[in-house]
Amino acid sequence: MKNKRLMFLFCIIILIIGIIIFVKINDKKSTKNQDLETSTSSSANNFDKSKVIDYSSETEVSYSYDEVTLSVEELMKYREEIEQAGFDSTLFTDQEIQTMRSAIKKNGQSISQYLKDQPDKSIDEAEIDKAREELKAANIDPDKMHNNEIIDLIKQAKKEKKSVVEIAKEK
């Protein structure tokens with residue numbers, strides 16, 4: 001009986017020691033996590049408001065797209081037809097192609113007729129090359145710009161009735 005009591009007391013002592021060790025290990029982990037969080041938050045201070053570009057003057061635009069119901073094959077067919085009409089098919093999203101298909105069927109137009117009626121999509125390689133030359137003449141390096149950026153400059157220039165160089169200098 002005495003041995004059972006001693007054994008029970010010994011087990012209780014080992015259990016208490018185990019709990020104390022477990023608690024101390026968890027405290028060390030939480031201290032490390034707090035140190036990590038502190039160092040992370042101090043590095044986040046590098047991005048305070050004085051160093052971040054303020055986009056508050058920009059207008060927010062939200063887009064709402066309908067589900068694309070065209071099959072991949074149909075989309076590829078329309079993209080090929082767009083390329084054959086002399087336009088860059090990568091300028092169109094799948095949703096825009098679906099909308100284009102509906103408008104073409106409704107108005108009885110061909111793809112090239114429809115695209116020529118779309119001023120912002122009718123920018124071809126010649127127009128991009130011309131814009132690149134104008135930018136070079138104005139000492140702006142167009143080689144640092146992707147075609148999509150130049151297309152955006154051309155679109156904005158058309159919309160604001162300015163030259164590509166003026167728009168590039170504004171940016």
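Helices are DSSP runs of H or I with at least four residues, and they are numbered from the N terminus. The helix α2 has 13 residues. This is a predicted model, where local features need pLDDT of at least 70, side-chain atom pairs count only at pLDDT 80 or more, and totals for chains, interfaces and linings use all residues. Residues are numbered from 1 along each chain as its sequence is written, and side-chain values use heavy atoms, with hydrogens and water left out.

**Helix α2**
- From first C-alpha to last, α2 reaches 18 Å, close to the 18 Å expected at 1.5 Å a residue. The expected span is 1.5 Å times one less than the number of residues.
- Leu75, Tyr78, Arg79 and Ile82 are the buried residues of α2. Buried means under 20% relative accessible area, and exposed means over 50% (1.4 Å probe, protein chains only).
- The buried residues of α2 pack against α3 and α4 (111-116). Contact means heavy atoms within 4.5 Å.
- The face turned away from the buried side of α2 carries the exposed residues Glu73 and Gln84.

**A charge over a ring**
- The charged end of lysine 77 sits over the ring of tyrosine 78, 4.9 Å from its centre. The rule asks for NZ of Lys or CZ of Arg within 6 Å of the ring centre and within 35 degrees of the ring normal.

- Phenylalanine 87 lies in the loop between α2 (72-84) and α3 (94-107).
- Phenylalanine 87 is buried, at 8% relative accessible area.
- Its C-alpha is separated by 8.1 Å from that of leucine 115, 28 residues apart along the chain.

Conventions:
Helices (H or I, at least four residues) and strands (E, at least two) are DSSP runs, numbered from the N terminus.
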